Each structure stands twice: as structure tokens, then as C-alpha cells.
Amino acid sequence: VLVDGEPVVSCLLPVEQVRGQEVTTVEGLADNGQLHPLQEAFFDNFAAQCGYCTPGMIMTSKALLDRNPDPSEAEITDALSGNLCRCTGYEPIIEAVEVAAAEMDGGNEGGD
Ligand code: FES
């Protein structure tokens, strides 16, 4: 999840510590049933994996694109370095973030 826009490890964060802060979940990225460009890109690029790692990958990518709308591959890799998946590869994930960044046209999500 994002707490005030920063990715945190939700399973290690007691809920009382987020009192008064904005918490955004992966479900909260969709807008009236319209998936966020990152969600679309993960789906379209076969980057969606299991329910444990994918929300973290997407939310960490959201925080990255909010502060750096046009990240390099190295910057994406660095941002996601704390999100581990032991099951498969990271290439589709990195590609999905690149696609979403391009789709978001420099971070403009069309309304924020
Ligand atoms: S697919 Fe999610 S941890 Fe590997």
C-alpha cells in the first residue's frame, strides 16, 4: 500500500500507525471501474503474477512514477528491488512499468 504516497510493507504496519494518513491500496487505483494505466499495463504485458507480490509491485511502481514520470530501466529496477518474487522473472514487470509510464504521458494521469 501507499501511505501518504510512499510505499510501505502493509503486513508489517500496525493500522493504528496510519491514523490520519492517506492509505491507497491497489484496489484504490482503479477509478469507477477503469483500471489505472499501471494495472492495465501489468495485465497486458503478462506482468501480473500472484496476489502477494503483484499489488506491491504495482504500488511501488505507482510511487516511482509519481516522483519520476519517465524512469530508466535501471531506476525501475532499483525502485522494485525491495519487492521480491521467487517464482518468475522481472522482465515483464519492468516492461509493464515502462509501458505505463509512456501511457501516462509523463505522469499525467488525466485528471490528477
Ligand atoms: S508470483 Fe508472487 S511471489 Fe512469486
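**Reading the model**

Guide: Let's start with contacts: among those with a separation of 6 or more, 54% are between residues 24 or more positions apart. Keep in mind that this is a predicted model.

Visitor: What pattern does the protein follow along the sequence?
Guide: Reading along, you get β-β-β-α-α-α-α.

Visitor: How do you know that the radius of gyration agrees with a compact globule?
Guide: We set the value against a rule, 2.2 Å times the number of residues to the power 0.38. For 112 residues a compact globule would come out near 13 Å, and the protein has 13 Å, so the two agree. If you'd like a box to picture, the C-alpha atoms fill one of roughly 35 × 35 × 25 Å along the principal axes.

Visitor: How much of the protein counts as buried, and what makes a residue buried?
Guide: Buried means under 20% relative accessible area. Buried residues make up 32% of the 112 residues.

Visitor: Why is asparagine 32 called exposed?
Guide: The cut-off for exposed is over 50%. Asparagine 32 has a relative accessible area of 81%, so it is exposed. You'll find asparagine 32 in the loop between strand S3 (23-24) and helix H1 (37-44). Its phi is positive, about 55°, although asparagine 32 is not a glycine.

Visitor: And why is aspartate 4 called partly exposed?
Guide: Aspartate 4 has a relative accessible area of 45%, so it is partly exposed. Aspartate 4 sits in the loop between strand S1 (2-3) and strand S2 (6-7). Here too phi is positive in a residue other than glycine, near 50°.

Visitor: How much space lies in the largest pocket, and which residues are closest to its centre?
Guide: About 490 Å³ of space lies in the largest pocket. Of the 18 residues that line it, Val8, Val9, Ser10, Tyr52 and Gly56 are the closest to its centre. Helix H2 (residues 53-67) gives the most to the lining, five residues.

Visitor: What makes Tyr count as nonpolar and Gly as polar in that lining?
Guide: That's down to the class lists: Tyr is on the nonpolar one, while Gly goes with the polar ones. Sorted by class, the lining has eleven nonpolar, seven polar and no charged residues.

Definitions and conventions:
Residues are numbered from 1 along each chain as its sequence is written. This is a predicted model: local features need pLDDT of at least 70, side-chain atom pairs count only at pLDDT 80 or more; totals for chains, interfaces and linings use all residues. Side-chain values use heavy atoms; hydrogens and water are left out. On a 1 Å grid over the protein atoms alone, a cavity is a set of points where a 1.4 Å probe fits but cannot get out, and a pocket is an open set with protein on both sides within 12 Å along at least five of seven lines; lining residues have an atom within 4 Å of a point. Grid points are joined across faces, edges and corners, and a volume is the space filled by probe spheres set on the points. Helices (H or I, at least four residues) and strands (E, at least two) are DSSP runs, numbered from the N terminus. Buried means under 20% relative accessible area, exposed over 50%, partly exposed in between (1.4 Å probe, protein chains only). Contact means heavy atoms within 4.5 Å.
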